[in-house]
Amino acid sequence: MPVSIREHIQTVHQRITNACQQSGRSVRDVRLLLATKTVAADQIRQAIAAGETLIGENKVQELRDKDPELTRLPIERHFIGHLQTNKIKEVLKYVSCIQSLDRLELAQRLDQQLQKSGKSVEVYIQVNTSYEASKYGLPPEKVLSFIQSIRTLDTLRIKGLMTIGLLDVDKEKMRPSLRILSQIKDQIHDQAIEGVENLKLSMGMSQDLELAIAEGSNLVRVGTSIFGNRFSGREIWKE
Ligand SMILES: *Cc1c(COP(=O)(O)O)cnc(C)c1O
C-alpha cells in the first residue's frame with residue numbers, strides 16, 4: 001500500500017520537531033505551509049483532514065480552479081509565486097497573505113486595489129538571498145529602503161521576509177542564503193520602524209527545512225516531501 005499523505009505529513013512534523021530540538025527552539029515558533037502547486041484539490045483535502053491549516057499556491061489559476069473544492073474548509077491560503085499586477089484583483093479573493101512582494105509597483109497596485117475594498121492583506125517581502133539571476137526577489141541590500149517606501153501603504157501588513165534558499169548537495173553552501181535573511185531581519189528590527197515589528201522568516205523547503213530552522217525560520221514551505229515529485233519545479237524560477 002502506498003504511503004499516505006497523512007504519514008508524509010507526520011514525517012515532516014517529526015523533522016520539524018527534531019530540527020527545533022537540535023537548535024533549542026520551540027516547535028510553536030515554526031509553522032508548516034503546504035506548497036500545493038500542481039497538487040489536486042482532493043489531495044489537499046486529505047492533508048487538511050490530517051490537521052493541516054495552511055496552504056500556499058504559486059498561480060492564481062490554480063487558486064481559482066481548486067477554490068470550489070476547498071471553500072468553507074478551515075484553512076488559510078497564501079500566495080507564494082510570482083505575482084503579475086494584472087492578477088492582483090483576483091488573487092485577493094483567495095488569499096490572506098502574499099509572500100512574494102518583490103517590487104514597489106506591485107505594492108502600490110495592491111494598495112490601490114485594497115483601498116477600494118477597504119481591506120488589507122499580509123505580506124512577506126521576497127528576498128533573493130542567493131543572488132541567482134533566475135530567481136525573483138529583492139537583493140538583500142535593497143530590503144531596508146524598500147520597507148521604508150512601502151510602510152506608509154497601510155493596507156499592507158508587513159509580516160516578514162521570504163526566500164527560496166540556494167539548493168545544493170553541500171549543506172554548507174546552502175546555509176549562507178538562509179542566514180542572510182535572518183541578518184536582514186535583525187537589521188530591520190534595529191531601525192525600530194513603526195509598524196514593522198516582530199518580523200517572521202519564511203524559508204526552508206523539502207530539502208533544506210532543517211537548515212532553515214537552525215537559521216531561524218518561522219515558516220517552512222513543503223511540497224515534495226508530502227505530495228511527491230512534481231512534473232517540474234520551474235514555477236519558482238523566472239520564465
Ligand atoms: C514549490 C515551492 C516550495 C516547496 O518546494 P518543495 O521542494 O517541493 O518542498 C516552497 N516555496 C515555494 C515558493 C515554492 O514554489
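A residue is called buried when its relative accessible area is under 20%, exposed when that area is over 50%, and partly exposed in between, as judged with a 1.4 Å probe and protein chains only. The structure is a predicted model, in which local features need pLDDT of at least 70 and side-chain atom pairs count only at pLDDT 80 or more, while totals for chains, interfaces and linings use all residues. Residues are numbered from 1 along each chain as its sequence is written, and side-chain values use heavy atoms, with hydrogens and water left out.

The chain has nine helices and eight strands, these being DSSP runs numbered from the N terminus (H or I and at least four residues for helices, E and at least two for strands). Its radius of gyration, taken over C-alpha atoms, is 17 Å, close to the 18 Å that the globule rule (2.2 Å times the number of residues to the power 0.38) gives for 239 residues, so the chain is as compact as a globular protein of that length. Of these 239 residues, 50% count as buried.

Just after H2, Gly-51 takes a positive phi of about 110 degrees.
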